[in-house]
Amino acid sequence: MPAPLVEFLQFLFSGITSGAIYALVALGFALIYNASHVINFAQGEFVMLGGMVTWALLSQGIDLPLAIAGAVALTMVVGLALEKLAIEPARNADVVTLIIITIGAGIFLRGLTSVTLGKDLHALPSFSGDEPLSLLGATIMPQSLWILGVTAGIVVLLHGFFNYTLLGKAILATSHNRLAARLVGINVSFVLLLSFGLSALLGAVAGILIAPITATHFEVGIMLGLKGFAAAILGGLGNGVGAIVGGLLLGLIESLGAGYISSDYKDAMAFVVILGVLFFMPSGLFGRRGTERV
Amino acid sequence: MMTRFTKGLMLAGVALVALGLTAPAPSPAQAQEDPIRIGSFLAVTGPASFLGDPELKTLEMYIERINQAGGLLGRELELVHYDTGADANKARTFAKRLLESDEVDVILGGSTTGTTMAVIPLVERAEVPFISFAGGVSIIDPVKPWVFKTPHTDRMACGKIFEDMQGRGISKVALISGTGGFGKSMRGQCLEVAPDYGIEIVADETYAPSDTDMVAQLTKIKNTEGVEAVVNPGFGQGPAIVTKNFAQIGMAVPLYQSHGVASKKFIELAGDAAEGVRLPAAALLVAEKLPDGDPQRPIVVGYKSTYEAVHGEGSVSTFGGHAYDGLMLYKAAVEAAGSADPAAVRDALEATRGFIGTAGEVTMSADDHLGLDLTAFRMLEIRDGDWVLVN
Amino acid sequence: MADIRPSGYSKHRKPQTYSRRLGTRATPAQVLLSERVGGMLTLLVVIAVLPLLLTNNYQYDVVVNIGINAIVVVGLNLLIGYAGQISLGHAGFFALGAYASAILTTRYGLHGALALPLGALGVGLLAYVIARPILRLSGHYLAMATLGVGLIINIVISREAWLTGGPDGMYVPAIEVWGFELYGGPVWYWIVAAVLVLAVWLSLNLIDSPAGRALRALHGASVAAEVAGVDTTRYKVMVFVLSAVMASVAGSLAAHFSEFVTPDKASFFHSILFVTMVVFGGMASTFGALVGAAVLTLLPQLLADFASYEHMILGLIMMVVMIFMPKGLVPTLSGLARRRRARS
């Protein structure tokens, strides 16, 4: 392989690994947005909880698979509680008000975690070792393959869930028209609850997958949440395909930008691209074109 | 038709009362029996929490110990601390609160260079001694009358690293630095002192402190002609990721980290990839490995065992050590001055000679408010998951 | 689109602004108690009396910070509360103002009193240029775009260290007026109070003007307003620029007051804080904005004593207030008071 091509491949691997994580977080945003039209700015805290709780359980001597299951379950409980206690009572509030409620929830969850689990950085062990794999001259970590594999698996499962199960279809119906869904007998408030649970699950999984690479910390969710939101918007809010494409694209812009242009400005480049896309496609790449009712 | 503004007024009133409550009117001249008030503002949360957290724990622990031993000049020490979250604006308001409302006798703290720099104008005007725990050389260069600091500067870290490189015959170096205050400042210092050591910087990459992957930057460095070593100024999880990515893409040149990762945590986070990494750090990290005759040995072993007895095996870091040094320097200065009077303590601090702390031997003067030299830094290498002294 | 609206609107403008709101011709007492006159008087009284309660520089510091935040929030309230456009990037404009003052005074030797309007002019131009494409977006897309603008400003400020001092920030000299250095709480109290009064007065007048009515139409239904002949884009752009300029002015004041600026001023959190102040106090209420600024500037100071529980409590307060008072403190409380009076 010629050197420039290997280099490109290396940037590509790096980009899709970060991108897959952004995609998972973005999917979490999309799920909740679809069911409730709420943007959950505490999504990053689900990511953080996944990693931190897994670490906490591991440090208590619990096996990794069990610790992961425990962390996912606990994060889902937090997601359900958030919907039940904070979002549902404020259902009729303004968009901005709901944004601030979820931001408050994020601050609260970070505070709670720092008080109970401490403020240290923690590493999780990689799922299958730290021996890099060589692929066409470029290298990739086994953990990256885990990230890509699990993300792909989740995408397939979600696709099946939304297209082939009654519950999934109910969620889709609710996202299209809440009143109509209620009229055909869908329990809308259950659907909302479910969407928060699922979204917490996605967040927790993302947090657990990436913790062996980046280490976890009570504030690790802030930036990942923000990037996930950016990815969700880039792809088009509430669109599953959009969230995935948006996430991967964001990861690639960052790594190619850092590799070929300037590592100093790679984050700024990502936002410039998003602004550029929005200027020409005001609903993101795959977003539904909204019509405003008068 | 009393509308919203009336309510607004009432709310404003409530808020003001609340503000008044937090700051009771200052009492007249403090009696000698009153406690000595030590003010502190640290980044206990936020991106620099791994600095602020051990610093606060150290201050709390040792102030309690001093009080149990009868206090300082027979007076109790009282700690007033506020968390800045590494936000310079918060630091400034809290410093004002410490100076104006809490009326502290000294300020120890400022985990980061940014928060420290923001309060310097305030302490200079208030004429209260201020000992910072932050690394930036700009804190004490140029010298400000009331400002001191305990950690080695980033300029010294660069010097120590380049000195070591000279010994290994390395002259072409790549930098990959964090864009946070610490990384950015140290990068600047390294670029500045590199020519003094005959070092040429051939690649200069950066990453954001919250980045999750630095493979792209390292690949670029790997493909740069003639790189003989890589230096990574930065702190937090960034350097651990750099170290892992460095190993992943199979780079074989030596990797140097900075004193910003001088804790066991770094080895834990970077795992096997940390093998062979070198960094300049205070003697504290190799406390038990110091030769018996080393004057620092009793101090660093004492601090390490005291800290780890409370916070667990392997929890000690040089960051907590900076706070220890700051508190002990202040204690020594008060004892030397025979009072906690700010001006007297300032003069005593400036007259510090041969003080042994965790960072090294401190000898201050009117134009050196740090008092450490390059010998205070030790070059360490990570071998078998532990620090080893390099000679 | 042909601009037919302003003249059309002003023709319909009634001379008695207050009678329109109260339904009948206003008595002098009613005028006194209205938001515009009465509120303004109340604000002036509060400003005049407040220094009597302040005993030290720290308290002045907090109050001056409240005032600086309030200037931003009054402007942002016009955008969010009246024009119905969210911005998660106003800290960027605040920071640009602050850095314009810092850089122009230290690096180019300009007088502070000149740097402030120059900064505001620059920010106004920038806001004008980006306003049209950005304000075509709505809802969360607008939130993302403004957030992006703020973050880009933040990144540029922290990267270009040769100009801005980088992440560690830079000093800003105090302003000198006739050999007298503007330093300390009391001096800045009166400077900030004067600017705040001006900002509030501007805001109240704008709301009560024909443009203000067009603005309120925007918040309700922008398509409907468009159909009714209101050039919505023009008004949105105007308010966006105005709010950005107000943020810039506040930023310049903050820079000279605190003598130090850091890129934190442009952070996402700072933007969020401003928006939270608007919503907390009560959207579409100028005095709500003041209360929001006061409460949320005070809160961290009050919570500082709770040490590690500070963030938990702050998050909890934000959630609880927004859940139970989704309209914000001032409108909810005044609504309650009105209902109680109606019952009695």
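Arg278(B) and Asp164(B) join their side chains in a salt bridge, 2.8 Å from N to O. This pair links distant parts of the chain. Arg278(B) sits in strand 10 (residues 278-281) of chain B, and Asp164(B) sits in helix 5 (residues 154-168) of chain B. The two are 114 residues apart. Arg278(B) counts as buried because its relative accessibility is 11%. Asp164(B) is buried too, with a relative accessible area of 15%. The model is predicted, and the values that follow are computed from it.

Arg378(B) forms a salt bridge with Asp294(B), and their closest N and O atoms are 3.1 Å apart. Arg378(B) lies in strand 13 (residues 378-383) of chain B, while Asp294(B) lies in the loop between strand 10 and helix 10 (297-311), so the bridge ties together parts that are 84 residues apart in sequence. Here again both partners are out of the open. Arg378(B) has 17% relative accessibility and counts as buried. Asp294(B) has 12% and counts as buried.

Now turn to chain A. The side chains of Lys227(A) and Asp267(A) meet in a salt bridge with an N to O distance of 3.6 Å. Lys227(A) belongs to helix 9 (residues 221-235) of chain A and Asp267(A) to helix 11 (residues 266-280) of chain A, so the pair ties together parts that are 40 residues apart in sequence. Lys227(A) is buried at a relative accessible area of 6%. Asp267(A) is buried at 7% relative accessibility.

This pair also belongs to a network. Salt bridges link Lys227(A), Glu254(A), Lys266(A), Asp267(A) and Asp211(B). Over all chains, the structure holds 29 salt bridges.

Val345(B) is found in helix 12 (residues 342-350) of chain B. Is Val345(B) buried or exposed? Its relative accessibility is 1%, so it counts as buried. Leaving out residues up to four places away in sequence, Val345(B) touches Pro129(B), Tyr330(B), Ala333(B), Val334(B), Ala337(B), Ser339(B) and Ala340(B). Gly46(B) lies elsewhere. It is 299 residues from Val345(B) along the chain, and their C-alpha atoms are separated by 32 Å.

Chain C comes next. It has 17 helices and 4 strands. Of its 344 residues, 61% count as buried. Take the contacts in chain C with a separation of 6 or more: residues 24 or more positions apart account for 78% of them. Chain C exposes about 13100 Å², and carbon and sulfur atoms supply 69% of that area.

How many residues of chain C are in contact with chain A? The count is 41, and they meet 48 residues of chain A. About 4000 Å² is buried between the two chains, with 81% of it from carbon and sulfur atoms. Three residues stand out. His140(C), Tyr141(C) and Met144(C) supply 19% of the area that chain C buries against chain A, more than any other three residues.

Asp264(A) and Arg159(C) form it through their side chains, at 3.6 Å from N to O.

Which elements of chain C give two or more residues to the side that touches chain A? They are helix 7 (112-135), helix 8 (139-159), helix 12 (222-227), helix 14 (268-281) and helix 16 (310-324). Helix 8 of chain C gives the largest share, 12 residues. By class, this side of chain C has 31 nonpolar, 7 polar and 3 charged residues.

Leu114(C) has a relative accessible area of 49%, so it counts as partly exposed. Ile47(C) is 67 residues from Leu114(C) along the chain. The C-alpha atoms of Leu114(C) and Ile47(C) are separated by 26 Å.

Definitions and conventions: Residues numbered from 1 in each chain as written. Chains lettered and ligands numbered in written order. Predicted model: local features only at pLDDT ≥ 70, side-chain atom pairs only at ≥ 80, totals over all residues. Heavy atoms only, no water. Buried < 20%, exposed > 50% of the residue type's maximum accessible area, 1.4 Å probe, protein only. Contact = heavy atoms within 4.5 Å. Areas by Shrake-Rupley, 256 points an atom, 1.4 Å probe, with all protein chains shown as cover. Buried area = accessible area lost by both parts, 1.4 Å probe. Salt bridge = Lys/Arg side-chain N within 4 Å of Asp/Glu carboxyl O. Nonpolar A, V, L, I, M, F, W, Y, C, P; charged D, E, K, R; others polar.
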